[in-house]
Amino acid sequence: MRLFKYFILQLFNNRNFTILFILNLSFGLCSFVTLDIFKSSINYSLKSRSKVLLGADFGLSARRPITDKEIESINEAETNNLRTTMVEIFSMVAGPSSKSKLVQIKAIDGSFPFYGEIKLKSNTNEIYNGSTKNLTIDRKVWIYPELLTLLDVKIGQKIKIGQSEFLVDAIVESDNAEGVSTTMAPRVYIGLPYVKDTELLKFGSVAWYTQLFKFPMLSNSQLDEFKDSIEKALTSPELKIYTHENVSEQSARILKYLNDFLGLVSIAALFLAAIGGAFLFRSYLFKQLKFFGVYLSLGMSLKKIIFNQTLQLLLLGSIGSILAILFGYLLTPFLDFFTKDILPFALQKSIEPKTLGLILLLGCIGSVLIGLPLITQLNNIKPSILFSSKSNNLLTKNAWYWVAFIPGLIFLWVLSVWQSNSWQTGTLFTFLFLGAGVIISVVAYLFLKLLNILPSSKTLSLNWAIRDLSRFPLASISIFLSIGLGMLLLNLIPQIKASINYELSMPKDSKLPSFFIFDIQEEQLDPLIKISKDFKVNLNQTSPMVRARLLTVNNKEFSKMKLKNKTATREEERQQQSRNRGYNLSYREDLGIGETIIEGRAFSGTYDESGSELPEISVEKRFSKRVGLKIGDILEFDIQGVNIKGKVINLRKVRWTTFQPNFFIQFQPGVLEQAPKTFLSSIPKLNPSIKQSFQDEVVKILPNVSIIDVSRLVERIKKIIDHMSFALQFMTIICLIAGFLVLFSIANYQARQRSSDIALLKSLGSPFKTIQSYFLWQFGLLTFFAGIFGVGLCFIMSYFMSKLLFDSNWILDIKTPALSITLLILVSMAITSIATSQFLRIKPTKLLDNQS
Amino acid sequence: MFIKFISLLLFFTINTFCFADNKPHKIIFLGDSLTEGYGVSFDESFPRLIENKLKTKFKDLTIVNAGSSGSTSASAVKRVKWLIKSKPTILFIALGANDGLRGLNLKQTEKNLQDAISLATSNNIKVILAGVRLPSNYGVKFRKQFEDIYINLAKNNSLTFIPYLLKDVAGIKELNQSDRIHPNKEGHKVIFKTVLPYIEKLL
Amino acid sequence: MILKTSNLLKTFTQGSSQIHAVNNVNLNIKPGETIAITGKSGSGKTTLLSLLTGLDSATSGEIDILGCKITKMSEKELGSFRADNIGIVFQQFHLMPHLTALENVSLALEIAGANNIAEKATLALETVGLKERINHLPSELSGGENQRVAIARAIVNNPKILFADEPSGNLDNVTGETVMNLLFDLTKKNNMTLILVTHDQQLALRCDRQINIINGIIQ
């Protein structure tokens with residue numbers, strides 16, 4: 001320990017180097033902190049939006065009242081909670097002129113909703129936030145605007161719900177709360193205490209009973225754990241247990257994308273920080289090797305050298321990480337100030353404890369693990385090299401050198417699994433990344449070989465640059481690798497963002513549905529088309545629907561086929577149930593809006609009845625996974641007593657963001673035309689002025705047709721998606737900046753390490769211009785090719801990640817890589833010329849002395 | 001023990017003393033999810049239970065389950081047109097629940113069903129009409145109007161009429177799935193018992 | 001004998017051929033003797049020095065210093081043996097650039113686990129005539145001064161044997177001479193054995209005995 005002071009002195013007297021090193025390290029780590037601040041802010045803000053959808057954190061629903069015992073077990077599991085009770089029923093409600101209409105009655109108590117608000121419109125068109133308490137102290141209702149005409153009612157008049165009359169108090173301008181029941185009828189809010197007056201809840205009634213909870217103390221991940229534990233505790237099959245994230249399928253999907261994406265972003269940031277750290281530490285350690293020789297010649301034992309050196313690394317790492325954390329804290333108010341107006345969410349002011357831990361781990365343990373391969377080789381150091389002035393290469397590597405990389409990689413792997421909260425994401429990322437690293441190293445090696453055999457050019461500086469690159473293969477490869485991997489990481493996020501954005505992209509408003517129309521009979525199709533023509537709207541994706549029962553798959557009775565895994569969770573029980581169910585079939589020649597074939601081929605056209613082939617079937621991908629169908633399977637259906645066989649020829653993917661009606665199973669045309677069928681269709685977004693009259697007209701002429709207003713749902717989801725796209729874009733930019741910070745620190749460090757070369761060239765009398773362009777060539781060539789290969793590998797890696805993690809189509813984003821390569825070259829050139837011109841001003845003897 | 005003995009004896013008696021009926025019978029069950037057996041396996045749906053019960057007694061008996069989840073009365077005529085091609089002898093109609101649940105115009109429902117019944121009877125098909133009722137929350141008035149459709153149709157067409165398909169099933173927790181709308185396996189057994197006598201009477 | 005080698009052999013493999021850098025060397029050196037090892041560059045004299053100081057290991061043969069067989073020692077034992085009994089002066093000084101003269105000398109004492117470090121280090125620097133410059137960094141000292149610091153570092157633990165590898169090789173004639181005088185004075189005064197590697201014949205003649213090496217073989 002006494003000797004450690006010499007290692008400290010080494011840092012002190014080498015102030016310039018130490019400061020440069022620590023600053024670069026903390027820059028790299030600081031980008032990680034910044035990313036994490038934004039990540040948690042976005043996460044928090046989108047989750048809050050999702051909470052607004054439910055109006056709460058967590059819910060229990062059933063078609064029966066939730067029992068006290070069930071509520072009690074929630075209270076036991078989390079004492080700190082707020083609870084609200086809600087009942088949803090469908091009923092025919094009559095207006096003053098006894099016009100009646102089916103409505104969804106949502107009976108709420110005064111504490112609903114915990115998140116978001118219900119915006120109301122008064123008689124005087126004034127918009128205000130409704131206080132749900134008012135509903136619980138008076139027999140009043142808030143109604144959806146379409147009921148004004150449907151029930152022929154005005155604010156201040158009464159409507160009859162069941163056996164009781166209610167005063168219409170206000171019109172609902174907007175509300176967010178999704179419930180467990182479907183939105184097939186306009187909504188009416190009433191106060192919970194008045195439900196019994198309606199006498200609608202009695203024997204033979206069907207209603208959704210819901211208890212919603214707010215858990216102020218539970219984080220999002222704790223909420224998921226909480227849900228799991230409640231699912232284990234409350235086993236009644238009638239009970240639906242959900243968090244705000246899975247109340248709506250759409251928002252659940254968006255949040256899943258978000259989680260996975262942000263997980264990836266954090267791993268990318270982690271790896272970026274690790275690359276920066278690895279580069280700096282390794283360069284530093286290489287510099288130290290000579291000193292080890294001196295220590296050895298003075299009789300210091302190897303063990304002591306390793307111990308002290310490790311201690312010194314730990315110290316450097318800790319200072320770097322503590323500085324990074326400090327920077328992070330100092331940076332937050334600035335970030336908040338500058339982003340306040342452009343961000344649709346508030347920045348979290350604190351850094352998550354997990355991030356703090358990660359940074360310390362990365363800075364301290366990471367730095368030691370990075371040094372490990374070099375440390376294993378200290379045995380091989382031949383201090384006798386001190387006698388000769390020939391070579392700087394103190395190190396000959398044996399197998400242990402490579403083995404010693406493994407702990408570092410395992411460390412990184414564990415951290416990435418921890419950071420992304422996903423075993424799969426973390427593992428896949430780590431392995432793809434390692435593969436990329438190996439490929440880049442090999443490419444770099446070949447690249448240098450190629451440079452060596454290249455005919456010499458006329459430009460002196462270029463010649464020098466090429467020669468030096470290939471003469472210092474190790475140094476060149478390590479820069480090549482760092483820059484290549486850095487570019488890979490910083491471009492990976494934009495690439496994946498492009499894929500997710502594509503998945504989440506919604507069609508133009510004109511293509512988004514505002515109504516679903518279903519149960520259209522064949523003979524009603526023409527009248528419906530006529531109505532829509534009168535209103536100048538187009539029916540979208542009108543599809544026939546044939547009800548059928550799946551009898552056999554490959555001649556095996558379908559209902560008796562076993563599901564693959566036996567662990568019967570609630571979800572799987574439902575799947576088992578769905579095996580007994582009938583399916584809605586459709587037929588169509590081409591793909592519908594938002595559909596793509598991801599396996600197999602397209603339909604061959606209309607079915608040829610005289611041929612020997614079976615009719616062709618297309619199956620939706622998720623459905624095929626759930627039920628266990630694959631291409632080539634022969635399915636037999638019973639359609640109202642007639643059996644029809646067909647063969648699966650392709651798997652389809654449906655983009656749900658189109659919100660179009662879709663079918664799991666589709667036949668080619670020419671098979672189902674004769675079967676009894678109905679049609680369904682969707683109506684694109686309508687001008688609010690004609691929306692109601694269109695609906696009225698359809699109901700008048702086609703009384704049996706059901707028309708569902710989905711515009712509110714679509715609007716809500718659209719908002720979340722817009723928010724999400726912004727978040728993706730923003731995170732991508734931050735990631736790019738963070739990546740550049742790391743690349744900057746690498747380039748900067750590298751340029752500054754070459755001062756002796758500059759001095760030497762200067763003392764030999766080369767013109768400044770030649771020296772400068774020699775360095776520019778050298779770094780320009782390296783960064784350009786490393787950048788190109790990094791980006792190329794990024795395409796491959798993002799392809800796999802999109803397919804495997806996001807199950808989405810891979811979308812090539814060419815703009816970001818092009819921009820980033822340009823920027824990379826510019827930045828590295830700028831740093832190089834600044835550094836060289838700085839050194840050029842200093843007298844060479846000083847630089848040479850410094851190096852001794 | 002005693003009950004088992006009695007039932008064995010009865011079984012024996014029926015088989016020995018009744019000659020099997022060799023006339024061709026084809027019964028089609030036209031309906032919605034209740035008939036299709038939504039949420040239960042095909043073999044547990046009440047039309048299948050009836051088929052299993054009757055096929056020992058009637059050698060040439062075919063039963064077709066033409067239940068179609070989500071279907072409304074509007075599809076009735078079209079489907080009957082398709083179904084009479086296979087020459088049924090008896091048509092069992094249990095449609096309209098979805099009309100009521102969706103709050104559709106009940107006059108239209110009545111008309112749709114009437115058209116289907118007329119088409120069947122004009123083709124010399126015996127029709128059994130099963131009455132359907134709505135959950136209590138739909139309101140007294142609307143439920144009454146809905147119930148009356150079936151009573152009127154049965155009376156006007158002099159049909160074999162089952163007043164309430166879900167008799168002793170609706171509203172009872174043990175006999176329904178967790179959605180409290182669709183009968184479970186046990187519920188279908190009860191429906192089977194409700195429907196069976198009417199079928200047997202017509203055969 | 002203070003240093004004795006028997007059949008010392010060091011072989012390098014270069015491509016397919018084997019080079020005997022040190023070939024069957026047998027040395028017997030008495031306490032207090034000053035020895036010059038001479039030879040052209042590439043003759044194997046530096047390799048021999050590496051072996052004798054334990055900084056490199058021999059292919060075969062034995063080295064016996066102060067009755068200890070250093071060829072049989074582990075790395076760890078060698079380290080502490082070197083710290084206590086051997087001083088080395090390099091042609092390129094090899095001072096720690098980040099340590100002052102005093103600290104550079106103290107380092108050797110600390111490694112050896114000595115007491116009164118500051119005192120001894122100052123004394124050693126005084127001996128080599130650098131009393132005034134003990135708080136300077138190597139970059140602030142001249143070449144000769146640097147080498148004197150290195151000599152102070154080598155003798156501070158009172159080693160029995162001092163190895164010097166072309167100690168004046170990096171210095172001008174006058175400075176080189178001063179440094180060599182210092183080295184000879186110190187060894188004589190402290191009754192140290194000096195093993196000096198040089199290609200300078202005149203310098204070699206100042207030693208008690210000259211050993212000439214050609215192609216790894218002592219002539």
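Me: Which side chains meet in a salt bridge, and at what N to O distance?
Reply: The side chains of C:Glu110 and A:Lys5 do, at 2.6 Å from N to O. A salt bridge here is a side-chain nitrogen of Lys or Arg within 4 Å of a carboxyl oxygen of Asp or Glu. The model is predicted, so local features need pLDDT of at least 70 and side-chain atom pairs count only at pLDDT 80 or more, while totals for chains, interfaces and linings use all residues. Residues are numbered from 1 along each chain as its sequence is written, chains are lettered from A in the order in which they are written, and side-chain values use heavy atoms, with hydrogens and water left out.

Me: How many salt bridges does the rule find across the interface of chain C and chain A?
Reply: One. For polar contacts, the rule finds four residue pairs across that interface, both residues at pLDDT 80 or more. A polar contact is a pair of N or O atoms within 3.5 Å; within protein, one must be able to donate a hydrogen and the other to accept it, and residues adjacent in sequence count only if both atoms are side-chain atoms.

Me: Which helices of chain C supply at least two residues each to the side that touches chain A?
Reply: α1 (45–52), α2 (75–85) and α3 (101–112). The largest share, six residues, comes from α3(C). Helices (H or I, at least four residues) and strands (E, at least two) are DSSP runs, numbered from the N terminus.

Me: And how do the residues on that side of chain C divide?
Reply: Into 14 nonpolar, 10 polar and seven charged. Ala, Val, Leu, Ile, Met, Phe, Trp, Tyr, Cys and Pro count as nonpolar, Asp, Glu, Lys and Arg as charged, and the others, Gly among them, as polar.

Me: What area do chain C and chain A bury between them?
Reply: About 2,800 Å², with 64% of it on carbon and sulfur atoms. C:His98, C:Glu110 and C:Ile111 supply 24% of the area that chain C buries against chain A, more than any other three residues. Buried area is the accessible area (1.4 Å probe) that two parts lose on being put together, summed over both. The contact takes 31 residues from chain C and 26 residues from chain A, where contact means heavy atoms within 4.5 Å.

Me: How far apart are the closest C-alpha atoms of chain B and chain C?
Reply: They lie 77 Å apart, and no contact joins the two chains. Of the two pairs of chains that touch, A and B have the most contacts.

Me: Changing topic. How many helices and strands are there in chain C?
Reply: Seven helices and 10 strands. Its C-alpha atoms fill a box of roughly 50 × 35 × 35 Å, taken along the principal axes.

Me: Which peptide bond is cis?
Reply: The one joining A:Phe112 and A:Pro113, with omega about -10°. A:Pro113 is found in the loop between β3 (100–108) and β4 (119–121) of chain A.

Me: What is phi of C:His94 near?
Reply: Near 50°, a positive value in a residue other than glycine. C:His94 is found in the loop between β6 (86–89) and α3 of chain C.

Me: Is C:His94 buried or exposed?
Reply: C:His94 counts as buried, at 11% relative accessibility. Buried means under 20% relative accessible area, exposed over 50%, partly exposed in between (1.4 Å probe, protein chains only).

Me: And where is C:Glu166?
Reply: In the loop between β7 (161–165) and α6 (173–190) of chain C. Phi of C:Glu166 is near 40°, also positive, and at 10% relative accessibility C:Glu166 counts as buried.
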